[in-house]
Amino acid sequence: MGKKGVEILTLNVPELIKTLNAALSEEWLAYYQYWIGARVLKGPMHDDIEKELLVHANEELQHAEWLVERIIQLDGTPVLSPEEWTRLAACKYDAPVDPNVEIILKQNLGAERCAIQRYEDLAKLTHDKDFITFDIVTRILAEELDHEEDIESWLEDMKVFRDKICQC
């Protein structure tokens with residue numbers, strides 16, 4: 001990062017890098033959770049949901065790329081080992097041991113809500129202090145909010161369908 005770029009940052013850069021590495025770890029875990037969940041899920045609407053979960057997975061991977069770029073710009077080192085991901089991540093990874101589509105969606109919903117909190121906190125931390133990181137984390141936050149809405153909609157559709165079947 002250039003001298004003027006460093007000069008305009010008004011926050012603790014090593015702490016920011018640490019937080020960005022935690023977010024990066026969470027993105028890798030989210031990517032895998034979406035990707036593997038899409039591959040194993042079974043149940044109603046699984047074909048349509050599988051396609052969308054793979055889209056979500058690719059968006060999580062894009063978030064990881066943005067975070068790596070920013071960490072490097074800040075003269076930091078991105079987390080280098082997958083073994084570190086679960087140690088650094090505040091958002092947990094739920095293995096899809098039950099392939100039921102609703103269970104997988106609920107696991108992903110929990111992860112999205114944790115991610116939303118992570119990026120809301122990062123946006124508050126960087127607002128008016130680090131414009132580039134603020135831009136990155138608010139773009140990610142917008143996508144995480146979309147993911148949450150998608151999952152909530154699928155779960156609601158399944159509930160409506162189930163309620164209709166039970167009324168017959």
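## A walk through an all-helix chain

Start by selecting Asn108, which lies in helix α5. (Helices are DSSP runs of H or I, at least four residues, strands are runs of E, at least two, and both are numbered from the N terminus.) Is Asn108 buried or exposed? Asn108 counts as buried because its relative accessibility is 2%. Here buried means under 20% relative accessible area, exposed means over 50%, and partly exposed is in between, with a 1.4 Å probe and protein chains only. Now show what surrounds it: Asn108 touches Gln33, Tyr34, Leu53 and Ile151, leaving out residues up to four places away in sequence. A contact means heavy atoms within 4.5 Å.

A quick word on what you have open. This is a predicted model, with residues numbered from 1 along each chain as its sequence is written. Local features need pLDDT of at least 70 and side-chain atom pairs count only at pLDDT 80 or more, while totals for chains, interfaces and linings use all residues; side-chain values use heavy atoms, with hydrogens and water left out.

**Zoom out**

Switch to cartoon and colour by secondary structure. The C-alpha trace spans about 70 × 30 × 20 Å along its principal axes. Of the 168 residues in the chain, 42% are buried. Take the contacts between residues at least 6 apart in sequence: 82% of them join residues at least 24 apart.

Colour by charge and you have 18 positive and 34 negative charges, whose mean positions are 3 Å apart. Lys and Arg count as positive, Asp and Glu as negative, and His and the chain ends are not counted. Each charge is placed at NZ of Lys, CZ of Arg, CG of Asp or CD of Glu.

**Into the cores**

Hide the surface and select Leu20, Leu67, Tyr119 and Leu122. These have the most contacts inside the largest nonpolar core, which has 25 residues. A nonpolar core is a set of buried Ala, Val, Leu, Ile, Met, Phe, Trp, Tyr and Cys residues joined through side-chain atoms within 4.5 Å. Which helices each supply at least two residues of this core? They are α2 (13-40), α3 (46-73), α5 (101-126) and α6 (131-167). Helix α2 gives the most, with 6 residues.

Stay on Leu67 and show its contacts. Leaving out residues up to four places away in sequence, Leu67 touches Leu20, Ala23, Leu24, Glu27, Tyr119 and Ile140. Then pick Leu41, Ile49, Leu105 and Leu109, which are among the members of a second, separate core of 16 residues. In soluble globular proteins, nonpolar side chains tend to be buried together.

**The disulfide**

Cys91 and Cys114 form a disulfide with sulfur atoms 2.0 Å apart; a disulfide is a pair of cysteine sulfur atoms within 2.5 Å. A search of the whole structure finds 1 disulfide. Cys91 lies in the loop between α4 (82-88) and α5 and Cys114 in helix α5, so the pair ties together parts that are 23 residues apart in sequence. Look down the S-S bond: the torsion is about -90°, so the disulfide is left-handed. Cys91 is buried, at 7% relative accessible area, whereas Cys114 is partly exposed, at 24%.

**Loops and distances**

Go to Asp75, in the loop between α3 and α4. Its phi is near 65°, a positive value in a residue other than glycine. Asp75 counts as exposed, at 59% relative accessibility. Asp128, in the loop between α5 and α6, also has a positive phi, near 60°. It is exposed as well, with a relative accessible area of 54%. Most residues other than glycine have a negative phi.

Neighbours within four places in sequence aside, Thr10 is in contact with Asp128 and Lys129. Draw a C-alpha distance from Thr10 to Trp35: 37 Å, for residues 25 apart along the chain.

Last stop: Asp135, in helix α6 and partly exposed at 39% relative accessible area. Asp135 and Trp35 are 100 residues apart in sequence and 26 Å apart in space, C-alpha to C-alpha.
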